[in-house]
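Please work through each task before reading its solution.

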Amino acid sequence: MSSRVAGPYCAEELLACAIARLATDAGHIAVGAASPIPATAAYLLKAKNPRLRVSLLHKREANPFSEGSRELFDLAGQGRIDVFFLGGAQIDGEANINLVQAEGKRFPGSFGSAFMYPVIPRTILFREEHSRRVLVPKVEFISARGNPVALLTGKALFSWQKDRRRFRLESVHPGQTESGIRALTGFDYDVAPGCAETQAPSTDELDLIRTRVKPEIAANYPEFAARIWP
Amino acid sequence: MNLPSNQTAFHENAEKIAAQIPDGSLLGLPPDYSMPAMAVVHALIRRRAKGLRLLGVPVLGLSADLLIGAGCVAEVESSAVSLGEAGLAPRFTEAVEKKLIKIKDATCPAIHSGLQATEKGVPFMPLRGVIGSDLVALRSDWRVSENPFGAKYGEQDPILLVSAIQPDVALFHARWADEAGNVWIGRRKELATIAHASRRCFVTYEELRPGDMLADELLAPGVLSSVYVSGVARAERGAWPLSVAGLYGVDDAQMRRYANAARTREGFQGYLNEFPS
């Protein structure tokens, strides 16, 4: 699949901007392992707001942690981290995530999700693959449950309605349709009255990403950066 | 508990350390980013260790995949096992899918907390979150309890209690050991946590420093005191193909080679055969 979508930006840039819009009020964003798109979003926000703290768990140089791998969790447990990102081999309509096993296949494991999801005030669920294989009615194993801010996929953005415990489709990415998303989603959800197309990156955002953000990402995710900004 | 706390033994090489780790030991290991003692891992494979129980603090990667593939492992407790950027850990994945090993799934801070309980000599530690995860039902050594000071938070405040974890052996690599038997772990404080909580601790090191690092105010904060260290051995590039921060980086090409080779049992064996026995 080509990472390009219609217009002068690529899918990853659109997703990073969509994530950034979900976290504009954050004071401290932490980004876990292997998450170049959330990291791009976090550094985009930092480019706009230098007072924002971004903690990249596996930053290769000048890593922000000095108390070992428990420090991230201790910070989260105290409420010192506002925004964190989680994904899942499966994600269900009640926002449960599964990182352990599905359809006889074993995945790496739950990592810190069981702790982070309920503890972090603003968890953003992010998974590029949008399919019935990933977005299921009920996960086979609940690694973690919580109340996310939103679920962003490579095709659409859902908000989470905590009181109803249901997702609500907020927007579809360029090239997608509401009925197409319905067909690709294994769980039931509501649709926002004003459901439209996901907001495209602005020229300012693209400019910041390609000048200020790119060097940070290239230092930590060289393969990703080389692919997105050749 | 009768834990050793007097003298660090200086062993000749990684082989001699592997000989000190009995079959069936509960072995506390660091993640790939925190200096696994790869030279000892290979020595354990050469001595055909059996029935090891691995504890990932809090996750595992190449070291565990090698030991599992070589048939040294009966059980794994970890929050995850993967090769990170190089993908799934193929020998772990197959062993779990074929039920060749037992897996105790955990979540990172529960493992840290279990070790911290042992550090403090208390039977358990409370931990926020986790309730609502299917992990809780799988773990007989985790309990959900009512916060005894709950009134402050309202009528109900359930909280997870995690049993103390005491590995038989802590095993990792470090930049330096010194003549006093101290080792320098720098910012990798999970290594200290594993060492504090384990009955015995073995460390391989890159270089021996003269004297006592605890006498140096700049080095001391990164030192694990010899009180916790049972034995050390020199292993130059002992974390390879993983990294020692500030000294050498991850050998990404070797990690990819391993990830490709280990997709099959035969490929895995071929990878192992390249190592001198």
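Helices (H or I, at least four residues) and strands (E, at least two) are DSSP runs, numbered from the N terminus, and two strands pair if DSSP finds at least two bridges between them. The model is predicted: local features need pLDDT of at least 70, side-chain atom pairs count only at pLDDT 80 or more, and totals for chains, interfaces and linings use all residues. Residues are numbered from 1 along each chain as its sequence is written, with chains lettered from A and ligands numbered from 1 in the order in which they are written.

**Exercise 1.** Determine the strand order of the open sheet in chain B, and explain which strands stand at the edges.

*Solution.* Step 1: the order is β6-β8-β7 (chain B), with antiparallel pairing. Step 2: β6 (124-127) and β7 (142-146) of chain B each have a single partner strand, so they stand at the edges and one side of each is left without a neighbour in the sheet. Step 3: neighbouring strands are turned by 35° against each other on average, direction ignored; axes are lines fitted to C-alpha atoms, for helices over the stretch in contact, and angles run from 0 to 180 degrees between N-to-C directions. Step 4: five bridges join β7(B) to β8 (residues 158-163) of chain B, and Ser145(B) stands opposite Ile159(B) in β8(B).

**Exercise 2.** Describe how helix α3 of chain B packs against helix α4 of chain B.

*Solution.* Step 1: α3 (residues 62-69) and α4 (residues 90-97) of chain B pack at about 55°, their axes 7 Å apart. Step 2: that angle makes α3(B) oblique to α4(B), given that angles under 35 degrees count as roughly parallel, over 145 as roughly antiparallel, 65 to 115 as roughly perpendicular and the rest as oblique. Step 3: the residues in contact (C-beta atoms, placed from the backbone, within 7 Å) are Ala64(B), Asp65(B), Ile68(B) and Gly69(B) of α3(B), and Pro90(B), Arg91(B), Phe92(B) and Ala95(B) of α4(B).

**Exercise 3.** State how many residues of chain A are in contact with chain B, and which element of chain A gives the most.

*Solution.* Step 1: 29 residues of chain A are in contact with 33 residues of chain B. Step 2: the elements of chain A that give two or more residues to its side of this contact are α3 (71-78), β7 (105-106) and α4 (113-119). Step 3: α4(A) gives the most, with five residues.

Note on methods
Contact = placed C-beta atoms within 7 Å.
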